[in-house]
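Here are a few notes from going through this one. Have the structure open while you read.

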Amino acid sequence: MISTRPFRCLFPLLLALLLACSLGASPAWAQADVDAATADQRLDVLRKQITTIQKTLDGDADVPDAALSQMKADALAASAEADKVAADIEPQLASVQARLAELGKPADGAKDAPDVAAQRNQLDRSSSALDAQVKLARLLSVEATQASEQATTVRRSQLQARLGERTSSILAGAFWKQLHAEWPQTHLRLQNLGNELVNAARTTPGSVWAIIFVGIVLVLAASIWISRHLLMLTSTRVPHGRLRRSLHALAVLVLATATPGLVAELLAFGLRWSGALSDKTGVFLSSLIGIICFAGFTAGLGHALLSPNRTSWRLLPLSDALAARMGRYPTVFAFVMVLVWAAERVSIVINTGLSTAVAINCIVALVLSITVAYGLLRAERCWRQVRAADPASPTTPLWLRCVVVIMWLALAASLVSLLVGYVAFGSFVTKQITWIMVVVCTTYLLTVLVDDVCMLLASTPPPPDSANPVLATPKARDQAAVLLSGLGRALIVLLMLMLLLAPFGEGPAELFQRLGKLQDGLSIGEVAIRPGSVIQALLVLLVGYIGVGFFKRWLQNSYLPTTNLDSGMQVSFLTLFGYIGGVAAVALALSAAGIGLERIAWVASALSVGIGFGLQAVVQNFVSGLILLAERPVKVGDWVSLGGVEGDIRRINVRATEIQMGDRSTVIVPNSEFITKTVRNVTHASPLGLVQIKLPLPLGTDAEAARALILSAFVDNHDVLDTPAPNVQLDGIDNGNLMFNATGFASSPRLTYGIRSALLFELLKRLDAAEISISKPSTMVLSTIPAQPETPAISAAVPGATPAPPPPSTPPLTS
């Protein structure tokens, strides 16, 4: 017998372990206390940060624009952090409240056990602390949002004040006197900046400069090699189509941006090697590298869109002459941008006087205005020459003319503002013109690229062994490509609008931060619609429909052919399964979106009211369609006759049934007609077709010989079935004629007409060979017969044939 003593020793240990797990292993309130302390620290930091921003904005001192932009970004970040803290605490609060609900309230007059009372008190304190923290986090989020809006308001008001501020005109003598007075100090500061850069370059070892020089040479050589072989690489590595030119343009843009940027970064690396540069100078070098990269981007963008040397690779619909005339303009424009913006950065670094800063801004704006005006004049002059040489060339679109006129007006307004003293406004207008030009051209390039990629996906057929039921047909691929292209281009246009709004206080980072607020969703009653849930629901719906399509394809190609179901029943089963699968996919998508089926009772109520007023016929036809698919009084492939409509059923839809008539036209019949009216289904009980021919023969005809002749014609016809066997019966004697009724069966009622026609041809031939005539019908009654001229009998020249005698004269018949 096995001793139980060792197991008895384990029982106390197991009991202690269970008690520790149930009572002491990370209880909810203990964890809540730890998280509450962390949340208090995070909220305290956010409170101090928001208070500092509010005090700065409420102060009387003017805050620089860069500081306002940073405070706005900090406020938005604080708001997001506060929302995150609240979202982190809410599950803990719900857990503590659920634990309190489990404990319940003590009964009247009864006292809790000491441990239960201590646990309830601890949970109450945790619940109160967590609830207070959630409310504080929500309050801080609101205050941070208000501070962000206040920073935007201050920034906008300062921008308006700065744009409306007037200084001395550059045409006035006082302005130049003040500039002359500030020149010695400005010149000294420029010398100091130059000396600092020269000293930094001298302190860098020569070996480092040699390595940097080699790197620059390698970068330039690689850029030249890539630019020469770029067309060949694009032509050989990219599939044939429009995508080649857009990818080539993108490669040109990337190469033009990276080459000067790498060269500038290598030179700045040499200057920073010794660490002798001040912080201001370091920031100046970083901004100068950014300016050079942006200038290279602008030049590459212009060359990529114009493509003056390759007409077939040009993205813009321009003539060769105009593209060649404007081929060097992007480089000139980029060089001017580097000069003018570098001059502005230098004035900021050396902290020039007011007159010097105004003069630099004015010169920068004038140079940019002259450059833009030069490009417009050059393009218009070339366009007029092209029109004079070829009058049949297309005219300028109206919208393009309006854009050119607006640009000229803006340049004129900028020039006038600069001359009369509104330098800030004039400089702002000129810079906005150049910024809008770059953003619009970039948007055009990206939209073309997205469209070309989507069209390539549409034109690429799936592999032969692919069983994708969604994108298997060219039409489905075209629709998917158009939808993806539209969505991609819409996102690019939205990004363009964000970039155009950046100078007015809503930069991309700020707008993306605001878009992050959408994660809280929109509450409609008890239903919260969140972007993440909507995307999840769309994905569930897409996956559901794809899964239903795959399963239908498997049923159609693999499973149903192994069953004894006929083709019509298989189609009905697939249609019914498609309806059920679609409803299930929609239900799962609603659940993924947070809309449970129990929450759409109001939708059903609204639908019931609509059904009562105007949707009775639709619902009746829908239910009738389900009955047709379930009971199968008619099915796909049946030959039916309904209310004068006779033909084959091609498809049973949700609302109506498609019937193809004999003339290949299609009749749409509501499903309720098949349920509420009398329907003749020719192929419902049996697919066999009856071939029936009635022949009146003279009374003196040998009945047995005629019967054998007719029966042999039926038996010899290959389309007449042997089982059931054909039959010839004598119906009776009518007006001196023997009435023979011959019947046979065909494999389908649709074949009976052709078989009957072939049998009639054969019977007439055999009756004529057997010299058996067919009696004339006795049902025709004529009042008079017009006289007809005698015509000679015409017969085929058959050897041994006897010409037919002329017809005897027939006396007129009267009724």
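1. A definition to start with: a nonpolar patch joins nonpolar side chains within 5 Å of each other, from residues with over 30% relative accessible area and no salt bridge. Keep in mind that this is a predicted model.

2. With that in hand, look at Phe213, Val214, Val217 and Leu218, which together make a nonpolar surface patch of about 390 Å². Val214 sits in helix α6, residues 206-237. Is Val214 buried, exposed or partly exposed? It counts as partly exposed, because its relative accessibility is 45% and that class covers values between 20% and 50%.

3. On to the cysteines. How many disulfides does a search of the whole structure find? The search comes back with zero. As for individual cysteines, Cys382 is buried at a relative accessible area of 3%, and Cys454 is buried too, at 7%.

4. Now helix α22, which runs over residues 752-769. Its 18 residues should span 26 Å at 1.5 Å a residue, and the C-alpha atoms at its ends are 25 Å apart, so the two agree.

5. Which residues of α22 are buried? They are Thr752, Ile755, Leu759, Leu763 and Leu767. Looking down the axis of α22, you'd see the buried residues fall within an arc of 90 degrees, so they line one face of the helix.

6. Turn to the other side of α22 and you get exposed residues: Tyr753, Phe761, Lys765, Asp768 and Ala769.

Note on methods:
Residues are numbered from 1 along each chain as its sequence is written. This is a predicted model: local features need pLDDT of at least 70, side-chain atom pairs count only at pLDDT 80 or more; totals for chains, interfaces and linings use all residues. Side-chain values use heavy atoms; hydrogens and water are left out. Patches are made of residues with over 30% relative accessible area and no salt bridge: like charges are joined within 9 Å, nonpolar side chains (Val, Leu, Ile, Met, Phe, Trp, Tyr) within 5 Å. Accessible areas come from the Shrake-Rupley method with a 1.4 Å probe; for residues, only the protein chains shown count as cover. A salt bridge is a side-chain nitrogen of Lys or Arg within 4 Å of a carboxyl oxygen of Asp or Glu. Helices (H or I, at least four residues) and strands (E, at least two) are DSSP runs, numbered from the N terminus. Buried means under 20% relative accessible area, exposed over 50%, partly exposed in between (1.4 Å probe, protein chains only). A disulfide is a pair of cysteine sulfur atoms within 2.5 Å. The expected span of a helix is 1.5 Å times one less than its number of residues. The arc is that of the directions from the helix axis to the C-beta atoms.
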